[in-house]
Amino acid sequence: MARPKIALIGAGQIGGTLAHLAAMKELGDVVLFDIAEGIPEGKALDIAESGPAEGFDAALKGTSDYADIAGADVCIVTAGVPRKPGMSRDDLLGINLKVMKAVGEGIAANAPDAFVICITNPLDAMVWALREFSGLPHNKVCGMAGVLDSARFRHFLSLEFGVSMKDVSAFVLGGHGDTMVPLVRYSTVAGIPLPDLVEMGWTTKEKLDAIVQRTRDGGAEIVGLLKTGSAFYAPATSAIEMAEAYLKDQKRLLPCAAWCDGEFGLKGLYVGVPTVIGAGGIERIADIKMTKDEQAMFDNSVNAVKGLVEACKGIDTSLA
Ligand code: APR
(Lines give C-alpha, C1' and ligand atoms only; values in the text may rest on other atoms or scores of the structure.)
Protein backbone atom coordinates (compact mmCIF):
# COMPACT_ATOMS: atom_id res chain seq x y z
CA MET A 1 0.00 0.00 0.00
CA ALA A 2 1.27 3.46 -0.89
CA ARG A 3 2.33 5.65 1.99
CA PRO A 4 -0.03 8.50 2.95
CA LYS A 5 0.84 11.91 1.49
CA ILE A 6 1.21 14.88 3.81
CA ALA A 7 1.29 18.36 2.30
CA LEU A 8 2.68 21.17 4.41
CA ILE A 9 1.63 24.57 3.09
CA GLY A 10 4.23 26.96 4.46
CA ALA A 11 7.81 25.80 4.96
CA GLY A 12 8.84 28.27 7.65
CA GLN A 13 9.66 27.51 11.28
CA ILE A 14 6.56 25.41 11.96
CA GLY A 15 6.46 23.89 8.46
CA GLY A 16 10.05 22.67 8.68
CA THR A 17 9.47 21.20 12.14
CA LEU A 18 6.29 19.49 10.92
CA ALA A 19 8.23 17.92 8.03
CA HIS A 20 10.94 16.66 10.37
CA LEU A 21 8.42 15.17 12.82
CA ALA A 22 6.23 13.60 10.11
CA ALA A 23 9.28 11.94 8.57
CA MET A 24 10.71 10.72 11.89
CA LYS A 25 7.33 9.26 12.87
CA GLU A 26 6.95 7.75 9.37
CA LEU A 27 3.46 9.18 9.01
CA GLY A 28 3.87 9.33 5.25
CA ASP A 29 5.65 11.06 2.38
CA VAL A 30 5.99 14.80 2.83
CA VAL A 31 5.56 17.66 0.37
CA LEU A 32 6.74 21.04 1.65
CA PHE A 33 5.14 23.93 -0.26
CA ASP A 34 6.17 27.59 0.04
CA ILE A 35 6.30 30.69 -2.16
CA ALA A 36 9.80 31.54 -0.85
CA GLU A 37 12.22 30.38 -3.52
CA GLY A 38 14.52 27.54 -2.49
CA ILE A 39 13.32 27.27 1.12
CA PRO A 40 10.97 24.28 0.70
CA GLU A 41 13.46 22.45 -1.51
CA GLY A 42 16.34 23.19 0.88
CA LYS A 43 14.47 22.03 3.98
CA ALA A 44 13.11 18.90 2.24
CA LEU A 45 16.61 17.93 1.12
CA ASP A 46 18.16 18.65 4.53
CA ILE A 47 15.56 16.51 6.33
CA ALA A 48 15.83 13.74 3.71
CA GLU A 49 19.57 13.68 4.38
CA SER A 50 18.88 13.03 8.07
CA GLY A 51 17.02 9.85 7.04
CA PRO A 52 19.99 7.46 6.82
CA ALA A 53 21.19 8.25 10.36
CA GLU A 54 17.69 8.45 11.81
CA GLY A 55 16.57 5.39 9.86
CA PHE A 56 13.20 6.53 8.59
CA ASP A 57 11.47 5.68 5.34
CA ALA A 58 9.75 8.76 4.00
CA ALA A 59 10.15 10.70 0.77
CA LEU A 60 10.46 14.48 1.08
CA LYS A 61 9.90 17.02 -1.68
CA GLY A 62 10.06 20.80 -1.66
CA THR A 63 8.00 22.79 -4.14
CA SER A 64 6.38 26.08 -5.10
CA ASP A 65 3.90 24.38 -7.42
CA TYR A 66 0.48 23.47 -6.02
CA ALA A 67 0.26 20.58 -8.53
CA ASP A 68 2.75 18.73 -6.29
CA ILE A 69 0.25 18.48 -3.41
CA ALA A 70 -2.16 16.54 -5.67
CA GLY A 71 -4.01 13.82 -3.82
CA ALA A 72 -2.64 14.73 -0.38
CA ASP A 73 -4.33 12.91 2.52
CA VAL A 74 -3.48 15.63 5.03
CA CYS A 75 -2.69 19.33 4.50
CA ILE A 76 -1.26 21.34 7.38
CA VAL A 77 -1.33 25.08 6.76
CA THR A 78 1.20 27.44 8.33
CA ALA A 79 1.52 29.85 5.40
CA GLY A 80 1.47 33.47 6.44
CA VAL A 81 3.34 35.72 8.82
CA PRO A 82 3.98 35.09 12.53
CA ARG A 83 3.87 37.60 15.38
CA LYS A 84 6.64 39.95 16.41
CA PRO A 85 6.95 41.28 19.99
CA GLY A 86 4.11 43.65 20.83
CA MET A 87 1.79 42.21 18.17
CA SER A 88 -1.35 40.29 19.02
CA ARG A 89 -2.46 37.35 16.89
CA ASP A 90 -5.27 39.59 15.62
CA ASP A 91 -2.78 42.07 14.15
CA LEU A 92 -1.99 39.43 11.52
CA LEU A 93 -5.53 39.34 10.15
CA GLY A 94 -5.28 41.39 6.94
CA ILE A 95 -2.06 39.82 5.64
CA ASN A 96 -2.92 36.25 6.50
CA LEU A 97 -6.48 36.47 5.12
CA LYS A 98 -5.03 37.01 1.62
CA VAL A 99 -2.74 34.03 2.15
CA MET A 100 -5.72 31.85 3.18
CA LYS A 101 -7.45 32.70 -0.11
CA ALA A 102 -4.51 31.49 -2.20
CA VAL A 103 -4.02 28.40 -0.01
CA GLY A 104 -7.74 27.53 0.08
CA GLU A 105 -7.95 27.68 -3.70
CA GLY A 106 -4.77 25.63 -4.08
CA ILE A 107 -6.08 22.90 -1.79
CA ALA A 108 -9.53 22.87 -3.42
CA ALA A 109 -8.00 22.43 -6.87
CA ASN A 110 -5.41 19.80 -5.93
CA ALA A 111 -6.28 18.00 -2.69
CA PRO A 112 -10.04 18.29 -2.16
CA ASP A 113 -10.20 15.01 -0.18
CA ALA A 114 -7.56 16.03 2.36
CA PHE A 115 -8.02 16.49 6.09
CA VAL A 116 -6.92 20.09 6.56
CA ILE A 117 -5.38 21.43 9.77
CA CYS A 118 -4.86 25.19 9.92
CA ILE A 119 -2.26 26.70 12.24
CA THR A 120 -2.01 30.22 10.78
CA ASN A 121 -3.11 32.98 13.17
CA PRO A 122 -5.42 34.50 14.19
CA LEU A 123 -6.41 30.85 14.25
CA ASP A 124 -10.19 30.69 14.64
CA ALA A 125 -10.83 33.34 11.98
CA MET A 126 -8.21 31.94 9.60
CA VAL A 127 -9.58 28.38 9.74
CA TRP A 128 -13.04 29.80 9.05
CA ALA A 129 -11.73 31.76 6.04
CA LEU A 130 -9.71 28.78 4.78
CA ARG A 131 -12.85 26.60 4.87
CA GLU A 132 -14.84 29.29 3.03
CA PHE A 133 -12.18 29.75 0.34
CA SER A 134 -11.62 26.01 -0.14
CA GLY A 135 -15.26 24.90 -0.01
CA LEU A 136 -14.18 21.60 1.61
CA PRO A 137 -16.61 19.85 3.99
CA HIS A 138 -16.62 21.41 7.46
CA ASN A 139 -15.69 18.13 9.16
CA LYS A 140 -12.50 17.95 7.08
CA VAL A 141 -11.21 21.42 7.99
CA CYS A 142 -10.12 22.28 11.53
CA GLY A 143 -7.64 24.38 13.41
CA MET A 144 -4.82 23.50 15.79
CA ALA A 145 -4.96 25.49 19.02
CA GLY A 146 -6.51 23.54 21.87
CA VAL A 147 -3.92 20.77 21.80
CA LEU A 148 -1.16 23.38 22.10
CA ASP A 149 -2.94 25.50 24.72
CA SER A 150 -3.72 22.45 26.84
CA ALA A 151 -0.13 21.18 26.41
CA ARG A 152 1.12 24.47 27.81
CA PHE A 153 -1.37 24.21 30.67
CA ARG A 154 -0.27 20.60 31.34
CA HIS A 155 3.39 21.58 31.34
CA PHE A 156 2.87 24.39 33.85
CA LEU A 157 0.70 22.15 36.06
CA SER A 158 3.30 19.37 36.03
CA LEU A 159 5.92 21.89 37.23
CA GLU A 160 3.60 23.07 40.01
CA PHE A 161 2.82 19.56 41.27
CA GLY A 162 6.20 17.99 40.57
CA VAL A 163 4.59 15.14 38.64
CA SER A 164 5.07 13.76 35.15
CA MET A 165 3.39 15.68 32.35
CA LYS A 166 2.04 12.31 31.20
CA ASP A 167 -0.24 12.17 34.25
CA VAL A 168 -1.66 15.67 33.79
CA SER A 169 -4.64 16.07 31.53
CA ALA A 170 -6.08 19.48 30.88
CA PHE A 171 -8.86 21.14 29.03
CA VAL A 172 -8.84 24.46 27.18
CA LEU A 173 -11.86 25.77 25.30
CA GLY A 174 -12.73 28.84 23.24
CA GLY A 175 -10.76 30.90 20.78
CA HIS A 176 -6.97 30.73 20.50
CA GLY A 177 -6.33 34.14 21.99
CA ASP A 178 -6.23 36.12 25.17
CA THR A 179 -9.82 35.05 25.87
CA MET A 180 -9.17 31.27 25.77
CA VAL A 181 -10.84 29.32 28.58
CA PRO A 182 -8.62 26.87 30.49
CA LEU A 183 -11.16 24.67 32.29
CA VAL A 184 -9.81 24.01 35.76
CA ARG A 185 -12.72 21.77 36.74
CA TYR A 186 -12.13 19.35 33.88
CA SER A 187 -8.35 19.26 34.31
CA THR A 188 -6.86 16.48 36.41
CA VAL A 189 -3.72 14.84 37.72
CA ALA A 190 -4.25 11.11 37.13
CA GLY A 191 -8.00 11.67 37.45
CA ILE A 192 -7.88 13.97 40.50
CA PRO A 193 -9.57 17.26 39.51
CA LEU A 194 -7.59 20.46 40.13
CA PRO A 195 -10.10 21.87 42.68
CA ASP A 196 -9.59 18.67 44.75
CA LEU A 197 -5.82 19.21 44.61
CA VAL A 198 -6.35 22.70 46.06
CA GLU A 199 -8.37 21.14 48.90
CA MET A 200 -5.61 18.57 49.41
CA GLY A 201 -3.12 21.41 49.85
CA TRP A 202 -1.07 20.51 46.76
CA THR A 203 -1.53 24.05 45.43
CA THR A 204 -3.55 27.18 46.09
CA LYS A 205 -6.33 28.88 44.17
CA GLU A 206 -4.01 31.88 43.64
CA LYS A 207 -1.29 29.70 42.14
CA LEU A 208 -3.81 28.01 39.85
CA ASP A 209 -5.11 31.39 38.71
CA ALA A 210 -1.55 32.44 37.87
CA ILE A 211 -1.03 29.21 35.89
CA VAL A 212 -4.26 29.82 33.97
CA GLN A 213 -3.05 33.31 33.09
CA ARG A 214 0.39 32.03 32.06
CA THR A 215 -1.37 29.54 29.78
CA ARG A 216 -3.38 32.34 28.17
CA ASP A 217 -0.16 34.29 27.64
CA GLY A 218 1.83 31.18 26.62
CA GLY A 219 2.30 32.26 23.00
CA ALA A 220 3.29 35.82 23.92
CA GLU A 221 5.82 34.53 26.47
CA ILE A 222 7.66 32.69 23.68
CA VAL A 223 7.37 35.62 21.24
CA GLY A 224 8.88 37.87 23.93
CA LEU A 225 11.84 35.54 24.33
CA LEU A 226 12.47 34.71 20.67
CA LYS A 227 11.87 38.27 19.43
CA THR A 228 12.13 37.27 15.76
CA GLY A 229 9.10 34.99 15.49
CA SER A 230 6.69 32.82 17.43
CA ALA A 231 6.67 29.32 18.91
CA PHE A 232 7.21 26.42 16.55
CA TYR A 233 8.25 23.18 18.28
CA ALA A 234 5.12 22.73 20.41
CA PRO A 235 2.72 24.01 17.71
CA ALA A 236 4.18 21.53 15.20
CA THR A 237 4.05 18.63 17.67
CA SER A 238 0.42 19.44 18.47
CA ALA A 239 -0.64 19.45 14.81
CA ILE A 240 1.21 16.17 14.20
CA GLU A 241 -0.82 14.60 17.05
CA MET A 242 -4.00 15.63 15.22
CA ALA A 243 -2.75 14.42 11.82
CA GLU A 244 -1.77 11.08 13.33
CA ALA A 245 -5.23 10.71 14.91
CA TYR A 246 -6.76 11.14 11.45
CA LEU A 247 -4.32 8.97 9.50
CA LYS A 248 -4.49 6.11 12.02
CA ASP A 249 -8.21 6.49 12.78
CA GLN A 250 -7.31 6.77 16.47
CA LYS A 251 -10.58 8.46 17.55
CA ARG A 252 -8.58 10.73 19.84
CA LEU A 253 -10.53 13.19 21.95
CA LEU A 254 -8.60 16.39 21.31
CA PRO A 255 -9.56 20.03 21.73
CA CYS A 256 -9.36 21.85 18.41
CA ALA A 257 -11.01 24.65 16.46
CA ALA A 258 -13.99 22.88 14.90
CA TRP A 259 -17.12 23.97 13.08
CA CYS A 260 -19.95 24.25 15.59
CA ASP A 261 -23.42 24.35 14.13
CA GLY A 262 -25.76 23.71 17.02
CA GLU A 263 -23.10 22.50 19.47
CA PHE A 264 -22.41 24.83 22.39
CA GLY A 265 -25.42 26.85 21.23
CA LEU A 266 -23.42 28.25 18.29
CA LYS A 267 -24.79 28.83 14.82
CA GLY A 268 -21.97 28.20 12.41
CA LEU A 269 -18.66 29.25 13.92
CA TYR A 270 -15.15 27.81 14.29
CA VAL A 271 -14.06 27.80 17.92
CA GLY A 272 -12.03 25.58 20.23
CA VAL A 273 -14.08 22.63 21.51
CA PRO A 274 -13.39 19.00 22.45
CA THR A 275 -13.60 16.82 19.32
CA VAL A 276 -13.13 13.20 18.31
CA ILE A 277 -10.64 12.94 15.43
CA GLY A 278 -10.63 9.75 13.37
CA ALA A 279 -10.74 8.65 9.74
CA GLY A 280 -13.90 10.71 9.25
CA GLY A 281 -12.07 13.91 10.23
CA ILE A 282 -13.87 15.74 13.02
CA GLU A 283 -16.26 12.90 13.81
CA ARG A 284 -17.93 14.26 16.91
CA ILE A 285 -17.99 17.25 19.22
CA ALA A 286 -18.27 16.70 22.98
CA ASP A 287 -20.87 19.31 23.91
CA ILE A 288 -19.98 19.52 27.61
CA LYS A 289 -21.95 21.40 30.23
CA MET A 290 -20.38 24.51 31.68
CA THR A 291 -20.93 26.39 34.91
CA LYS A 292 -22.23 29.96 34.77
CA ASP A 293 -18.73 31.41 35.16
CA GLU A 294 -17.23 29.10 32.53
CA GLN A 295 -20.09 29.91 30.16
CA ALA A 296 -19.47 33.65 30.63
CA MET A 297 -15.76 33.20 29.80
CA PHE A 298 -16.65 31.02 26.79
CA ASP A 299 -19.18 33.60 25.53
CA ASN A 300 -16.56 36.31 25.84
CA SER A 301 -14.14 34.21 23.81
CA VAL A 302 -16.79 33.39 21.19
CA ASN A 303 -17.56 37.11 20.82
CA ALA A 304 -13.88 37.83 20.20
CA VAL A 305 -13.85 35.19 17.43
CA LYS A 306 -17.08 36.55 15.93
CA GLY A 307 -15.52 40.02 15.84
CA LEU A 308 -12.55 38.69 13.85
CA VAL A 309 -14.80 36.82 11.42
CA GLU A 310 -16.77 40.04 10.83
CA ALA A 311 -13.48 41.88 10.27
CA CYS A 312 -12.56 39.27 7.61
CA LYS A 313 -15.88 39.87 5.86
CA GLY A 314 -15.13 43.60 5.90
CA ILE A 315 -11.71 43.09 4.30
CA ASP A 316 -12.79 40.53 1.67
CA THR A 317 -16.39 41.14 0.63
CA SER A 318 -16.56 37.77 -1.17
CA LEU A 319 -16.77 36.26 2.33
CA ALA A 320 -19.75 38.36 3.43
N1 APR B 1 1.74 30.52 0.24
C2 APR B 1 2.63 29.67 0.81
N3 APR B 1 3.49 30.04 1.77
C4 APR B 1 3.46 31.32 2.17
C5 APR B 1 2.56 32.27 1.64
C6 APR B 1 1.68 31.82 0.62
N7 APR B 1 0.80 32.64 0.04
N8 APR B 1 2.78 33.44 2.26
C9 APR B 1 3.76 33.25 3.16
N10 APR B 1 4.18 31.96 3.10
C11 APR B 1 5.23 31.31 3.85
C12 APR B 1 6.45 32.17 4.13
O13 APR B 1 7.29 32.23 2.97
C14 APR B 1 7.11 31.45 5.29
O15 APR B 1 8.10 30.53 4.87
O16 APR B 1 4.77 30.95 5.15
C17 APR B 1 5.94 30.68 5.94
C18 APR B 1 5.66 31.07 7.38
O19 APR B 1 6.74 30.68 8.12
P20 APR B 1 7.31 31.53 9.35
O21 APR B 1 7.39 32.97 8.96
O22 APR B 1 8.56 30.86 9.81
O23 APR B 1 6.16 31.40 10.44
P24 APR B 1 5.85 30.19 11.46
O25 APR B 1 6.58 30.44 12.73
O26 APR B 1 6.05 28.90 10.77
O27 APR B 1 4.30 30.45 11.75
C28 APR B 1 3.36 30.34 10.71
O29 APR B 1 1.58 29.84 12.25
O30 APR B 1 1.45 29.92 14.58
C31 APR B 1 1.16 30.57 13.37
O32 APR B 1 1.24 32.87 14.03
C33 APR B 1 1.88 31.88 13.29
O34 APR B 1 0.60 32.67 11.45
C35 APR B 1 1.84 32.12 11.82
C36 APR B 1 1.98 30.72 11.22
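Here are some notes on the predicted model above, point by point.

1. Ground rules. This is a predicted model, in which local features need pLDDT of at least 70 and side-chain atom pairs count only at pLDDT 80 or more, while totals for chains, interfaces and linings use all residues. Residues are numbered from 1 along each chain as its sequence is written.

2. Confidence. The chain averages a pLDDT of 96, with 100% of its residues at 70 or more; pLDDT is the predictor's confidence in each residue, on a scale from 0 to 100. As for the model scores, ipTM is 0.99 and pTM is 0.97.

3. Overall shape. The C-alpha trace spans about 55 × 50 × 40 Å along its principal axes. A compact globule of 320 residues would have a radius of gyration near 20 Å, and the chain's 19 Å agrees with that. Here the radius is taken over C-alpha atoms, and the globule rule is 2.2 Å times the number of residues to the power 0.38.

4. Packing. Buried residues come to 48% of the 320 in the chain. A residue counts as buried if 20 or more other C-beta atoms lie within 10 Å of its own, exposed if 12 or fewer, and partly exposed in between, with C-beta atoms placed from the backbone. Of the contacts with a separation of 6 or more, 67% join residues 24 or more positions apart; a contact means C-beta atoms, placed from the backbone, within 7 Å.

5. Secondary structure. You'll find 11 helices and 14 strands in the chain. These are DSSP runs numbered from the N terminus: helices are H or I with at least four residues, strands are E with at least two.

6. Strand β5. Strand β4 (residues 74–77) pairs with β5 in the parallel sense over four bridges, and Cys75 stands opposite Val116. Pairing requires that DSSP find at least two bridges between the strands. From β4 the chain goes through helix α4 (residues 93–110) to β5, a right-handed β-α-β crossover. Right-handed means that, with the strands pointing away from the viewer, the path from the first strand over the helix to the second runs clockwise.

7. On to β6. Strand β5 also runs parallel to β6 (residues 141–143), joined by three bridges, with Ile117 opposite Cys142. The chain gets from β5 to β6 through helix α5 (residues 123–134), and this β-α-β crossover is right-handed.

8. An unreviewed UniProt entry gives "domain: Lactate/malate dehydrogenase N-terminal" for residues 5–143. UniProt annotations may be inferred rather than shown by experiment; their positions follow the numbering used here, and feature names are shortened. That span is 40% helix and 18% strand, and its end C-alpha atoms lie 19 Å apart.

9. Why is His176 classed as buried? Because 29 other C-beta atoms lie within 10 Å of His176. Setting aside neighbours within four places in sequence, His176 is in contact with Leu123, Asp124, Ala145, Asp149, Ala257 and Gly272.

10. A three-stranded sheet. Strands β7-β10-β11, in that order, form an open sheet with antiparallel pairing. Its edges are β7 (168–169) and β11 (192–193), each pairing on one side only. Two bridges link β10 (residues 188–189) to β11, where Thr188 has Pro193 as its bridge partner.

Notes
Two residues are in contact if their C-beta atoms, placed from the backbone, lie within 7 Å.
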